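Hello,

Here is the structure we talked about handing over. The notes on what was found in it follow below.

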Amino acid sequence: AGHNHFYAHCVVNDVNHFTFGGGGSELHPVSGTGEGLKMSVSTYNYGRITLTKDKFKVVAVDTNGTIIDNVGITAGTTDAEQ
């Protein structure tokens, strides 16, 4: 996933990639580019991940408790269908 000190969400070949790099060190600025980039933000963050039989949900949250990204993926659907 690399060594980035920020949050990023990319989709490449219908695969979601999440980087929760906002903790433990100084933040890096985001470039705003990258293959399949959906969201990136330079903020301290953490993730709440929920996995059930039919759904995978990722919620990225900053240190103020503000949701910065919310992604739900249902079994059998592509990113475009979400």
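Strands β5 (residues 55–62) and β6 are paired in the antiparallel sense, with seven bridges between them. Bear in mind that this is a predicted model. Within this pairing, Ala60 has Asp69 in β6 as its bridge partner.

The two strands belong to an open sheet of three strands, in the order β4-β5-β6, with antiparallel pairing. The edges are taken by β4 (45–51) and β6 (67–74); each has a single partner strand, so one side of each has no neighbour in the sheet. From one strand to the next, the twist averages 10°.

There is also a hairpin. Strand β1 (residues 7–12) pairs with strand β2 (residues 15–20) in the antiparallel sense, over six bridges. Two residues lie between the strands of this hairpin, and Asn13 takes a positive phi near 55°. Further along the pairing, Cys10 is opposite His17 in β2.

Is His9 buried or exposed? Its relative accessible area is 4%, under the 20% cut-off, so His9 counts as buried. The side chains of His9 and Asn16 are joined by a polar contact of 2.6 Å. Leaving out residues up to four places away in sequence, His9 touches Asn16, His17, Phe18, Gly36, Leu37, Lys38, Met39, Asp69 and Val71. Asp69, one of these contacts, is also the residue that bridges to Ala60.

Regards

Notes:
Residues are numbered from 1 along each chain as its sequence is written. This is a predicted model: local features need pLDDT of at least 70, side-chain atom pairs count only at pLDDT 80 or more; totals for chains, interfaces and linings use all residues. Side-chain values use heavy atoms; hydrogens and water are left out. Two strands pair if DSSP finds at least two bridges between them. Helices (H or I, at least four residues) and strands (E, at least two) are DSSP runs, numbered from the N terminus. Axes are lines fitted to C-alpha atoms, for helices over the stretch in contact, and angles run from 0 to 180 degrees between N-to-C directions. Buried means under 20% relative accessible area, exposed over 50%, partly exposed in between (1.4 Å probe, protein chains only). A polar contact is a pair of N or O atoms within 3.5 Å; within protein, one must be able to donate a hydrogen and the other to accept it, and residues adjacent in sequence count only if both atoms are side-chain atoms. Contact means heavy atoms within 4.5 Å.
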